[in-house]
Amino acid sequence: MVAEGTDGVALTDGTGVVPLSTARGDQLRAGPIAVPLDADTAAVVSPDRLHLVGPQGELNAVTCKGCMGIAAAAGELVTAHNNDANNDTFDIVVLDHQLSEVSAVAAPRLKEETVVADRSPLHDPAVLAASTETVTVSYLSVNSNEDGGPSVLAQYSRSGELLASVMIDGTVRRSAVSPNGRFLAIGPSLYGGACPVNSDPLLFELDGLRPRELGPGVPTGLAGGALAFEATDVAWDGSVA
């Protein structure tokens, strides 16, 4: 099991802990932090590195400053990080299962009209899903505010062309792709000051980022009241038709 906390990223078998990284980074982490490669190995992303791990611990690691989220497709790993001080573009990075870089393709952020003068700092993009043809990422909108949103959910071709996008209230923290690869579940967080006020899960078809209905949600009378709900993780239970 791979675990992430305020003191870094680590491996655990339930009886002991093997630290992988104590780097905390300068931004909230988003997207999956690990992806299985086979029955014995997995790739893990931390604030400063990519790691190849197995039952015996870390097998390999390479520097990947700012990389967030990781996905696997067709024998390759996919992650992303900023490549531009102006945050206009970012790199979609593809690696093989030994963590050697295969390619890095520049992709444009969604062009938006800026309506928030004092915007929050933009985070690096996070890879949420990948296939042989597309890469799905999330990043903060240029109009994000102190409550941490909105965020952009965007899908790109492997060559970096923007194919589809959806605006989401709040920040995208945790996500999970369905076992059949058709759907993406997201646990966003919307804050009111220092406290989370709502975190209704969202569901999208990965073919075109079409939203699907989910329910029941957190009752509106509770959101922002005495009870706050925040999704700390998202996972699929069983198969999906």
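The legends below describe close-up views of one predicted model.

Residues are numbered from 1 along each chain as its sequence is written. Because the model is predicted, local features need pLDDT of at least 70 and side-chain atom pairs count only at pLDDT 80 or more, while totals for chains, interfaces and linings use all residues, and side-chain values use heavy atoms, without hydrogens or water.

**View 1**
Helices (H or I, at least four residues) and strands (E, at least two) are DSSP runs, numbered from the N terminus. Of the 241 residues in the chain, 45% are buried. Buried means under 20% relative accessible area, exposed over 50%, and partly exposed in between (1.4 Å probe, protein chains only). The accessible surface of the chain is about 12100 Å². Carbon and sulfur atoms hold 52% of that surface. Areas come from the Shrake-Rupley method with a 1.4 Å probe; for residues, only the protein chains shown count as cover. Among contacts with a separation of 6 or more, 44% join residues 24 or more positions apart. A contact means heavy atoms within 4.5 Å.

**View 1. Strand β14 (residues 151-157) is mostly covered.**
Buried residues make up 7 of its 7. Ser151, Leu153, Gln155 and Ser157 point one way from β14. Val152, Ala154 and Tyr156 point the other way. In a regular strand the side chains alternate between the two faces of the sheet. β14 pairs with β13 (residues 134-140) in the antiparallel sense, over 7 bridges. Two strands pair if DSSP finds at least two bridges between them. Val137 has Ala154 of β14 as its bridge partner.

**View 2. Strands β14 and β15 (residues 162-168) pair in the antiparallel sense.**
The pairing runs over 6 bridges. Met167 in β15 is the bridge partner of Val152. The hairpin of β14 and β15 has 4 residues between the strands. Gly160 in this hairpin takes a positive phi near 95°.

**View 3. Strands β12 and β13 form a hairpin with 3 residues between them.**
The two strands pair in the antiparallel sense over 4 bridges. Ala126 stands opposite Ser138 in β13. In β12 (residues 126-130), 4 of the 5 residues are buried, so this strand is largely enclosed by the rest of the structure.

**View 4. An open sheet of 4 strands has the order β8-β9-β10-β11.**
Its pairing is antiparallel. β8 (68-73) and β11 (101-108) stand at the edges, each with a single partner strand, so one side of each has no neighbour in the sheet. Neighbouring strands of this sheet are turned by 25° against each other on average, direction ignored. Axes are lines fitted to C-alpha atoms, for helices over the stretch in contact, and angles run from 0 to 180 degrees between N-to-C directions. β8 is joined to β9 (residues 76-82) by 4 bridges. Across this pair, Ala71 stands opposite Val78 in β9.

**View 5. Cys64 and Cys67 form a disulfide.**
A search of the whole structure finds 1 disulfide. The term covers a pair of cysteine sulfur atoms within 2.5 Å. Here the sulfur atoms are 1.8 Å apart. The link is left-handed, with -50° about the S-S bond. Cys64 counts as buried because its relative accessible area is 8%. Cys67 is also buried, at 0%.

Arg109 lies in the loop between β11 and β12. Its relative accessibility is 7%, so Arg109 counts as buried.

**View 6. Ala74 and Leu209 have positive phi values.**
Most residues other than glycine have a negative phi. Ala74, in the loop between β8 and β9, has phi near 50°. At 64% relative accessibility, Ala74 is exposed. Leu209, in the loop between β19 and β20 (210-212), has phi of about 60°. At 2% relative accessibility, Leu209 is buried.

**View 7. Asp200 lies in the loop between β18 (195-198) and β19 (202-205).**
Asp200 is partly exposed, with a relative accessible area of 26%. Asp200 and Gly187 are 13 residues apart in sequence. Their C-alpha atoms are 6.8 Å apart in space.
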